[in-house]
Amino acid sequence: VFYYLGELNDSLSYALGAGPLFDISEDSDYVHTLLAKAIDEYASLRSKAVESSDGAAEIDCRLEAIVERMLDKCIIDGKFQQGMGIAIECRRLDKLEEAIIRSDNVHATLAYSTHVSHSFIYRREYRREVLQLLVKLYQKLPSPDYLSTSQCLMFLDEPEGVANILEKLLCSENKEDALLAFQVAFDLVENEHQAFLLNVRDRLPAPKSLPSESLQPESSDPAPIQNENSTAAEDVQMIDGSSASMTDMLEADPKEVMYAERLTKIKGILSGETSIQLTLQFLYSHNKSDLLILKTIKQSVEMRNSVCHSATIYANAIMHAGTTVDTFLRDNLDWLSRATNWAKFSATAGLGVIHRGHLQQGRSLMAPYLPQGGAAGGGSPYSEGGALYALGLIHANHGEGIKQFLRDSLRNTNVEVIQHGACLGLGLAALGTADEDIYDEVKTVLYTDSAVAGEAAGISMGLLMVGTASEKASEMLAYAHETQHEKIIRGLALGIALTVYGREEEADTLIEQMTQDQDPILRYGGMYALALAYRGTANNKAIRQLLHFAVSDVSDDVRRT
């Protein structure tokens, strides 16, 4: 009766009172509705219990019994996906494990639950628990699925585990296993998580019989990549002259040689060099951009109109991004030199966009524009700053070879435009590595309180710490309150927002601080922080907050953001 009156709560309590007499296998609207109600009720109680952390929410044991009967029924009927869905929603990891193990196709069910945990679990901590369970199950399988395991480990941020898997695969006799290791490495590289990849790379052992120099592929030395078919011993000769004695050692154990070769290759893959190399070749050979369009654009815009002049240069950079084709610029050098001040900065930085990923010759290509040793006033500071930014763009997210040079350039200059370029370049090259020394150097620039350099320094700190939810954000926030320069505050606001990228509810306190701030520029950063922290989650809470600010904030800037 209560069910027909629509009083589901009362109806549910009577059904629970009936205990085993309430037949869950009966196929009627009444039973379906009440079961759905019971599961929802249970799920919300379970998540409350977890979120309030004191576990105060009492759960009716009869309710629990019904849900468990339901789960067992799903498993017995072979509806594993439904069972897993309910188990995940009710936070019953034990039942989830049971459903996965008892399913007929364990690989498929595991893959399904990985997918579910990414697309439907809103709380980051809980998602990590589910992934940890999945990793545990993956490792128990008779034929382990290394690809999926290492993806899970990456989301859990456990480079140890990944390095162990790779090492195990590389050591094996079976060629398939080594290929699988390379595949795992390529899959991880696609996620572009520089700090994680370098961690994995540094945890792999050094090959036993090779001198350790052959492991750091110098940015100037493309040998390990281009001569993939040559033996490891030859590579060593190029790098290390004293390799006559080494070759004797290598001949002793072909297995070691093979292992060493594989290690060098996998380190090349993990540092991202192999895939960048391939992308470059692909973009260069499939470059279909039409120079005629550029020529027409150039002729049809007014010479003295600087906005159109810069726009033409940008159009060229974006059309040829990553292809290394800069014919248009070479043919029009005198026209190009009309750019002044910041337009010149961007025109030079545009070269970085065109040569993106050209790790081997990046430095030499930019050489004419870079600051020359001690001689100040060699070129315009704007093109020198732009060139440093361009180096960052070329080496974005793969800055092993260039970081040191950019740090030196930053130290050796007091010109704010060059500092601006060097900061941006450093931030890109050391993306997400959270490198303390670089952070301190950029901070020194920030504390000089120069508007131009400070803005870049703020953004650069954010890039450096992107997604680390680092404590440093509070330092940055404090300085944003002290400084008088709007530009610096804007740079810092964006930088702080970058630090919480993808951290979801961990970022809430920081977002709260920024969105309640007196200063509209910091509130503007707070909007970005909200968006970056919850990117790609379709999180309702975040959207609700943004909608609220979009109509209620006093500053136009904040509302637009």
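Let's start inside: the largest nonpolar core holds 68 residues, and the ones that touch the most other members are Phe22, Leu96, Leu166 and Ile266. Keep in mind that this is a predicted model. Take Phe22 as a way in. Setting aside its neighbours within four places in sequence, Phe22 is in contact with Ala15, Tyr30, Val31, Leu34, Leu35, Ile66 and Arg69. A separate core, the second one, has 66 residues, including Leu370, Leu410, Val500 and Ala507.

Now step back to the whole protein chain. Of its 561 residues, 48% are buried. As for how the chain comes together, look at the contacts between residues at least 6 apart in sequence: 70% of these join residues at least 24 apart.

Next, the empty space. Rolling a probe the size of a water molecule over the atoms shows where such space is left. The largest pocket contains about 1000 Å³ of it. If you want to find this pocket on screen, go to Arg124, His193, Gly467, Tyr501 and Arg535, which lie nearest its centre among the 32 residues of the lining. Three helices each supply at least two residues of that lining: H8 (124–140), H9 (146–156) and H12 (194–203). What sort of residues line the largest pocket, by class? The lining has 13 polar residues, 11 nonpolar and eight charged.

Then there's the second largest pocket, with about 560 Å³ of space. Its lining has 21 residues, and those closest to the centre are Arg91, Phe120, Ile121, Tyr122 and Arg123. The elements giving two or more residues to this lining are helices H3 (29–52), H5 (80–89), H7 (106–120) and H33 (540–552). Which of them gives the largest share? That's H3, with five residues. By class, the lining of the second largest pocket splits into eight nonpolar, eight charged and five polar residues.

H3 spans 29–52, and Phe22 of the largest nonpolar core is in contact with Tyr30, Val31, Leu34 and Leu35, among others.

Conventions:
Residues numbered from 1 in each chain as written. Predicted model: local features only at pLDDT ≥ 70, side-chain atom pairs only at ≥ 80, totals over all residues. Heavy atoms only, no water. 1 Å grid on protein atoms, 1.4 Å probe; cavity = no way out; pocket = protein on both sides within 12 Å on 5 of 7 lines; lining within 4 Å. Points joined across faces, edges and corners; volume = space filled by probe spheres on them. Helix = DSSP H or I, 4+ residues; strand = E, 2+ residues; numbered from the N terminus. Nonpolar A, V, L, I, M, F, W, Y, C, P; charged D, E, K, R; others polar. Buried < 20%, exposed > 50% of the residue type's maximum accessible area, 1.4 Å probe, protein only. Contact = heavy atoms within 4.5 Å. Core = buried A, V, L, I, M, F, W, Y, C linked by side-chain atoms within 4.5 Å.
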